[in-house]
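I opened the notebook on this model to look up a few items. The entries follow in the order I took them.

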Amino acid sequence: MECTINWLADSGMAFIAETGSGHVLAMDGAPDGGGRNLAPRPMETVLAGTGACTAYDVVLILKRGRHDVRGCKVKVQAQRAETDPKVFTAINMHFTVSGRELPPAAVDRAIRMSHEKYCSASAMLGKTAAFTTSFEIVAA
């Protein structure tokens, strides 16, 4: 896996990342740090990637269990250390999973399996951050 990150010098503190799979992601800094607030902050993309990583796992685990999952939304909230490096110290993920006749035990198990076994991003962030999770099921 690889990425190439280019600083867009004329735009303050904006960066474009090109991933090894050929996709492009823009990032920018806050105005007080020289950015123009044109794109997510780099640490926001880390948090978003972690949420997407675990949501991917949850959907896949439920589908493999032959559950009729139709939607999965994750609200991720994090706290960061006050001093540099400002690592994440606490992360809460609230899942809203929709489908037909989804057993709460299956959803809980999928979330735990993602966090404990499959999600590489949460495994890395778990070295500095305490994770908490919650979920709700919506009939669809």
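How many aromatic pairs does the count come to by the rule? The rule pairs rings of Phe, Tyr and Trp (its six-membered ring) if their centres lie within 6.5 Å, with planes under 30 degrees apart counted as stacked, over 60 as edge-to-face and the rest as tilted. I got 0 aromatic pairs.

Before going on I noted the terms of the work: this is a predicted model, local features need pLDDT of at least 70, side-chain atom pairs count only at pLDDT 80 or more, and totals for chains, interfaces and linings use all residues. Residues are numbered from 1 along each chain as its sequence is written, and side-chain values use heavy atoms, with hydrogens and water left out.

I then looked for a charge over a ring (NZ of Lys or CZ of Arg within 6 Å of the ring centre and within 35 degrees of the ring normal). R80 lies over the face of F88, 5.9 Å from the ring centre.

Next I listed the elements, taken as DSSP runs numbered from the N terminus (helices H or I, at least four residues; strands E, at least two). I have 3 helices and 6 strands, in the order β-β-β-α-β-β-α-α-β from the N terminus. The C-alpha atoms fill a box of roughly 55 × 35 × 25 Å along the principal axes.

How do α1 and α2 pack, by angle and axis distance? Helix α1 (residues 42-64) and helix α2 (residues 104-118) pack at about 130°, with axes 9 Å apart; the axes are lines fitted to C-alpha atoms over the stretch in contact, and angles run from 0 to 180 degrees between N-to-C directions. That makes α1 oblique to α2 (under 35 degrees is roughly parallel, over 145 roughly antiparallel, 65 to 115 roughly perpendicular, the rest oblique).

For contact I took heavy atoms within 4.5 Å. On the α1 side I found T54, D57, V58, I61 and L62; they meet α2 residues including A106, R109, M113 and Y118.

Last, the backbone. A cis peptide bond joins D84 and P85, with omega about -5°, and P85 sits in the loop between β4 (68-80) and β5 (88-100). R66, in the loop between α1 and β4, has a positive phi near 65° and is not glycine. Most residues other than glycine have a negative phi, and most peptide bonds are trans.
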